[in-house]
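The structure is shown first, and the description follows.

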Amino acid sequence: MTTHLLRLYIAGRTPAADRAVRNLEQLAVEVATADLVLQIEVIDILKRPQLAEDERILATPVVIRKLPPPMRRVVGDLSEREKVLIGLDLKVD
Amino acid sequence: MTRLPTNADVPASDSALESMHKPPIATGIEGLDFILQGGLPAGRPTLLRGAAGTGKTVIALTFLCQGIAAGETAVFVTFDEAPEALLGHAEGFGFPARRYLAEGRLRILDMRPDRNEVQVGETIELTAVLARIGFALDSLGATRLVLDAVDGMETGFADLPSLRGELTHVFDWIRERAVTCLITVGEYADFSTRYGLEDYIADCVIALTQEVSNRVMTRVLRVVKRRGAAHGSNEYPFLLDRGGIFLVPITGSVLSAKVSDTRLSTGISGLDAMLGGQGPYLGSITLLSGQAGTGKTSIACSFARAACEAGLSVLYISFEESLDELIRNQRSLGIDLARYHRTDGGTVDGLGALLLQPVRAVELGLEEHLMRAIRSVRQHRPALVILDPISGLAARSRDPVAKEMLLRLLHLIKEEGVTTVATELLADDGSGVSHLDVSSIIDVWIKLRRHENDGEMNRLITVVKARGLPTSDQVKEFRMSRDGLQIVDPYVGEGGIVYGTARMARQTEDEETISQLHLDLERARQLRAELGEIQAANERLARAEHEVKTAALDRQAAEIERRLAAIERTRTAIGRGRA
């Protein structure tokens, strides 16, 4: 079983942030199988600006695949499911 | 669109109003601060725009590091260059950036867009940029901020409708943040105009351009706008090299220059004599004008030697000859410059240090040459600076800027109280006319020229003017030989003034004539005397003859009278006898 750690960085609860959270959570449910688990962490950089610095974040919302390496980043409200899957390099059968 | 809570606490108008009354913040770039009448507007954004390679980042780094050196803290946000490269740049210009970083006085925020980032959806927000900058400013208590190559933001993201609004938001936030900020942008697609940086965001706009004329590049700085304060509005050439940014600071008045009564020997006693006995005043500007081969450099070197012997330091900026050439060439005239030459600026045996600085790269523009000269003078603070020659520069670029720069250079050196000796090469066909138009600032103007006659070349020297010095009006001969430099009085004789061998020839010739004339005169006088004697003798003779004749006639008359009387007596006696 592979666990993917996805961190979603948002800057405050904006409409785009909410959409991104929703889209990502829905995607996690849809692609989850016995072999693939998506673990999602949502981080508000307004509360933890040092993390934005560490990850060199410019634009939000942005989802970063922390595990497994290599790191992948997708920025935007994640409204297009296929592009998100490609961007995060998630293999879905 | 999101507003940062930290920012909303401070109403923009208040902080903006407040900062209007603060004194400007010095950039630490002397010339720029002068043009900006103090520096950048305090607590306001300044826009610095210019194409790649115009020096934006260097100015930005200087602004930050000078502030840190003065005890402030600063944040540098880079959208283009890697932080490591920036640290390298800063250290290359002599700022201990890594130390500042370690001490927590400088922070570099890496905001280069990640090209591998995949963009999904129509909306992105740039609040993270603000959050990061705000966080860095707050945790450092930073007073200076730089956003370098901010137009990199636009190229980093696909052109979404939301990007425009977000960027505008970033700039609004910066403006409201009320930190003294320098934003640099390239000329790419009019970025600064489209986001209102130029018109609305920035209180001060500085444009950097580079011009190439005659295959020589010149960088130019211009302050386009400065809200609420005056500024110099001209274009100012500037220098960008290992020494950092250098603008020629134009200062208000040259009349503040210290006036000295001390004199500086030229090292040539004859020339000193032509300048009232002791040479020009300290702090004055001497111009040596002359055609090729008239000995300008040699006189300049003589000046240098004399100053070094007097324990004064000399900066010799040679625009034509290399260091080795100069030393070798002057040695043949008995001037050993190597004796005084110091690379470290230190002194030995009470002699002044001579710092030789060849600036020969022909690819440099005049402005660069002159700015280098000014910077060297500022750095080394010599008592005497020699510019050899200043004309080669002006000849290359005939534009008025060149002359203005030259004047500015001379003004500046004079203001520093430094004595200047400059040489000017006059064209052979120019009949000795100076094209520099700098005579108004020249205190002592010495003209050298060639005098070709009877298959020989002589060098003539004249003091055209020498402010405040009793000078010689006479054109003298200037001789250069193994024994050194010498001023010789010309031969003034029948048929004009002559110099050199002709002078000797004429002298010999004249001497013969004189002795001949003396002989003639003697003979004439003798004749005249003899003639007088003859006359006198003749007179004596005539008188003698006259006397003799007179006496004879007198005697004759007396005899006749005696005979007549005798006859009369006889006749009377006879008459008495008859009667």
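Predicted model: local features only at pLDDT ≥ 70, side-chain atom pairs only at ≥ 80, totals over all residues.

Helix 4 of chain B covers residues 56-69 and spans 20 Å from its first C-alpha to its last, close to the 20 Å expected at 1.5 Å a residue. After helix 4 of chain B comes B:Gly71, which has a positive phi near 100°.

Helix 4 of chain B also meets helix 5 (residues 83-92) of chain B; their axes come within 10 Å and cross at roughly 75°. An angle from 65 to 115 degrees counts as roughly perpendicular, and the two helices, helix 4 and helix 5 of chain B, are therefore roughly perpendicular to each other. On the side of helix 4 of chain B, the contact involves B:Thr57, B:Leu61 and B:Cys65, while helix 5 of chain B contributes B:Leu86, B:His89 and B:Ala90. Of the residues in this contact between helix 4 and helix 5 of chain B, four are nonpolar, two are polar and none is charged.

Chain B also contains an open sheet of nine strands with mixed pairing, in the order 13-12-14-15-11-16-17-18-19. Strand 13 (354-358) and strand 19 (484-488) of chain B stand at the edges with a single partner strand each, so one side of each has no neighbour in the sheet. From one strand to the next, the twist averages 20°.

Strand 11 (residues 285-290) of chain B is mostly covered, with six of its six residues buried. B:Ile285, B:Leu287 and B:Ser289 point one way from strand 11 of chain B, whereas B:Thr286, B:Leu288 and B:Gly290 point the other way. The table lists the pairings of this strand.

| Partner of strand 11 (chain B) | Sense | Bridges | Source |
|---|---|---|---|
| Strand 15 (residues 419-425) of chain B | parallel | six bridges | computed |
| Strand 16 (residues 444-453) of chain B | parallel | five bridges | computed |

Within these pairings, B:Leu287 stands opposite B:Ala422 in strand 15 of chain B. In strand 16 of chain B, B:Val444 is opposite B:Thr286, and B:Leu448 is opposite B:Gly290.

Finally, helix 18 (residues 500-578) of chain B lies across strand 16, strand 17 (456-466) and strand 18 (476-481) of chain B, and runs at about 100° to strand 17 of chain B.

Note on methods. Residues numbered from 1 in each chain as written. Chains lettered and ligands numbered in written order. Helix = DSSP H or I, 4+ residues; strand = E, 2+ residues; numbered from the N terminus. Expected span 1.5 Å × (residues − 1). Buried ≥ 20, exposed ≤ 12 C-beta atoms within 10 Å, placed from the backbone. Pairing = 2+ DSSP bridges. Axes fitted to C-alpha atoms, helices over the stretch in contact; angles between N-to-C directions. Parallel < 35°, antiparallel > 145°, perpendicular 65-115°, else oblique. Contact = placed C-beta atoms within 7 Å. Nonpolar A, V, L, I, M, F, W, Y, C, P; charged D, E, K, R; others polar.
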